[in-house]
Amino acid sequence: MAVNLVNVENISKVYGTRALLDGVSLGVSEGDRIGVVGRNGDGKTTMIRTLARLEEPDTGRVTHSGGLRLGVLTQHDSLDPAATVRHEVIGDLADHEWAGNAKIRDVLTGLFGGLDLPGFPQGLDTVIGPLSGGERRRIALAKLLIEEQDLIVLDEPTNHLDVEGISWLAQHLRERRSALVCVTHDRWFLDQVCTRMWDVQRGTVHEYEGGYSDYVFARAERERIAATEEAKRQNLIRKELAWLRRGAPARTSKPRFRVEAANELIADVPPPRDSGELMKFASSRLGRTVFDLEDVTVQAGPKVLIEHLTWQLGPGDRIGLVGVNGAGKTSLLRALADAAFSEGERQPVAGRVKVGRTVKLAYLSQEVAELDPSWRVLEAVQQVRERVDLGKGRELTAGQLCETFGFGKEKQWTPVGDLSGGERRRLQLLRLLMDEPNVLFLDEPTNDLDIETLTQLEDVLDGWPGSMIVISHDRFFVERTTDRVFALLGDGALRMLPRGIDEYLERRRRMEEAAAASTPAPAAAAAPATSERSAADVRAAKKELQRIERQLDKVSEKETALHARIAENATDFAKVAGLDAELRALAGQREELELRWLELAEDA
């Protein structure tokens with residue numbers, strides 16, 4: 001029988017006039033892996049801080065087992081700014097002691113990319129004071145993971161980690177024996193790590209068995225049985241449930257709940273996106289040209305990030321962009337945005353970006369734009385536009401879109417200066433969409449957003465007709481909102497990944513293994529002809545890769561046109577049969593091209 005580590009009995013916590021926790025009782029046992037979800041402001045952080053005894057409850061009590069070894073990662077670290085990374089993470093251990101410890105090596109490599117901390121100016125001897133918040137947070141996480149604990153409590157551990165770091169952290173936590181309580185908005189991470197969920201809502205905590213996907217099933221079933229009156233929220237849950245069942249069955253184990261009931265619940269829910277219809281509408285809004293890049297080079301200061309890039313963003317393309325930190329994801333978006341906002345006058349250092357004449361770009365950067373703090377939320381939105389056309393006959397007023405993004409009628413009259421960071425992020429997104437753009441650039445749009453707001457944003461983007469590029473470390477969001485994934489792997493090239501983020505992680509692992517295995521060998525200098533032939537082969541492979549990517553874009557355009565023609569001739573069965581045969585032939589052609597692309601990608 002598992003030993004009880006923490007027991008929470010009938011606790012309540014009130015801030016001002018609002019009860020964040022009201023008579024909550026629960027427990028954490030050995031081996032528990034608990035994910036904590038809920039809307040921003042509903043008490044997730046208060047719940048775990050009270051559980052860890054960082055805050056005292058107003059009523060009730062929290063009991064820890066005797067000798068409990070507890071590790072906590074809060075949103076604000078307590079690192080000494082005058083200390084070095086070595087002092088905080090490794091302490092007084094000699095180099096041969098910590099370097100011989102497999103656990104310490106694994107943590108340093110997983111969080112920092114190497115034992116010498118390649119991203120820090122003086123490696124382990126870097127002073128903490130001048131470092132960014134993200135770098136300090138990784139140091140605090142490393143310090144926590146190197147130690148031995150019975151229970152780890154983590155508040156947003158994936159913030160400031162890239163896709164690889166999140167993947168490593170998930171694997172590391174799965175392999176640890178410590179119990180875990182984790183607050184995070186990263187749904188992929190929750191599915192990978194957690195076996196139980198706590199849903200904090202209106203002062204209470206609902207418990208569910210399983211990871212995030214199982215939680216979605218169970219919550220939808222509970223709300224169906226309870227016949228909840230919150231129709232909008234239930235519809236969003238049903239849409240996400242439908243996507244989990246139809247679009248990504250491999251992301252979770254067999255649900256432990258009633259699959260038949262879940263299938264019945266989503267029987268009338270349409271697919272998340274009608275891609276053919278959206279592509280048709282996007283083409284009518286954008287024309288044939290959106291962004292065409294010809295032999296473009298992108299730099300950040302003196303550093304060359306991307307070289308000789310020839311690529312095209314077409315009407316209706318929904319692209320997820322992933323890559324190592326510093327590879328040029330944000331710089332690429334900025335180069336495209338500069339060309340768009342200057343009507344083609346500002347160009348990269350080399351090559352040319354051609355912008356379509358009808359392009360109306362909205363760019364959500366990582367920095368939250370400052371708004372007049374005296375404005376009310378509704379006023380800030382109405383200053384952009386009173387109504388917005390979302391396509392396919394969907395039109396919303398400023399007030400309705402505010403409600404969609406979690407600003408209820410009372411919240412709409414809140415001054416902007418009183419909003420939290422997450423709420424300001426939501427308001428920034430809302431103002432962008434109110435301006436009716438036909439191209440969206442979203443750079444880390446999920447920062448500071450809770451899961452419920454993320455599902456609302458995904459619902460809006462599902463029916464949004466236009467071209468879109470998303471940079472995000474939230475794997476669930478990328479897979480949910482985009483149709484294709486491209487990667488920057490740090491070698492100056494942009495690559496399409498037919499198998500998405502799974503393929504990206506495989507490639508990164510192979511690159512790291514190759515780098516680790518490569519050691520200077522005297523024999524290498526003895527065969528210059530072989531090296532020269534190898535370099536030539538790589539150049540040829542890269543050139544053919546770009547040609548195949550252009551062919552794949554053309555196949556995609558033809559498929560879109562065929563879908564549109566099938567819709568137009570839906571009653572002419574003979575014609576539809578002929579068009580369907582063409583569609584199947586194109587699908588075969590696409591499969592051959594993608595297989596060839598994968599073969600060449602290995603060579604390149």
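The exercises below concern salt bridges and nonpolar cores in this structure.

The structure is a predicted model, in which local features need pLDDT of at least 70 and side-chain atom pairs count only at pLDDT 80 or more, whereas totals for chains, interfaces and linings use all residues. Residues are numbered from 1 along each chain as its sequence is written, and side-chain values use heavy atoms, with hydrogens and water left out.

**Exercise 1.** Find the salt bridge of Arg196, and state which parts of the chain the pair links.

*Solution.* Begin with the criterion, by which a salt bridge is a side-chain nitrogen of Lys or Arg within 4 Å of a carboxyl oxygen of Asp or Glu. The partner of Arg196 is Asp32, with an N to O distance of 2.7 Å. Arg196 belongs to strand 8 (residues 196-201), while Asp32 sits in the loop between strand 2 (18-29) and strand 3 (33-37), so that the pair, 164 residues apart, links distant parts of the chain. Finally, check burial, where buried means under 20% relative accessible area, exposed over 50%, and partly exposed in between (1.4 Å probe, protein chains only). Arg196 is buried because its relative accessibility is 14%, and Asp32 is buried as well, at 13%.

**Exercise 2.** Determine whether each partner in the pairs Arg495–Asp491 and Glu512–Arg508 is buried or partly exposed.

*Solution.* In the salt bridge between Arg495 and Asp491, the closest N and O atoms are 2.8 Å apart. Arg495 has a relative accessible area of 4% and is therefore buried, whereas Asp491, at 34%, is partly exposed. Glu512 and Arg508 form a salt bridge at 3.8 Å, N to O. These two residues are separated by about one helical turn, because they lie four residues apart in helix 18 (residues 500-517). Glu512 is partly exposed at 44%, while Arg508 is buried at 14%.

**Exercise 3.** Describe the largest nonpolar core and the contacts of Leu321.

*Solution.* A nonpolar core is a set of buried Ala, Val, Leu, Ile, Met, Phe, Trp, Tyr and Cys residues joined through side-chain atoms within 4.5 Å. The largest one has 55 residues, and Leu321, Phe441 and Tyr504 are among those with the most contacts inside it. With contact taken as heavy atoms within 4.5 Å, and residues up to four places away in sequence not counted, Leu321 touches residues including Lys329, Ile469, Phe486 and Leu494. Another core, of 47 residues, lies apart from it and includes Leu73 and Ile152.
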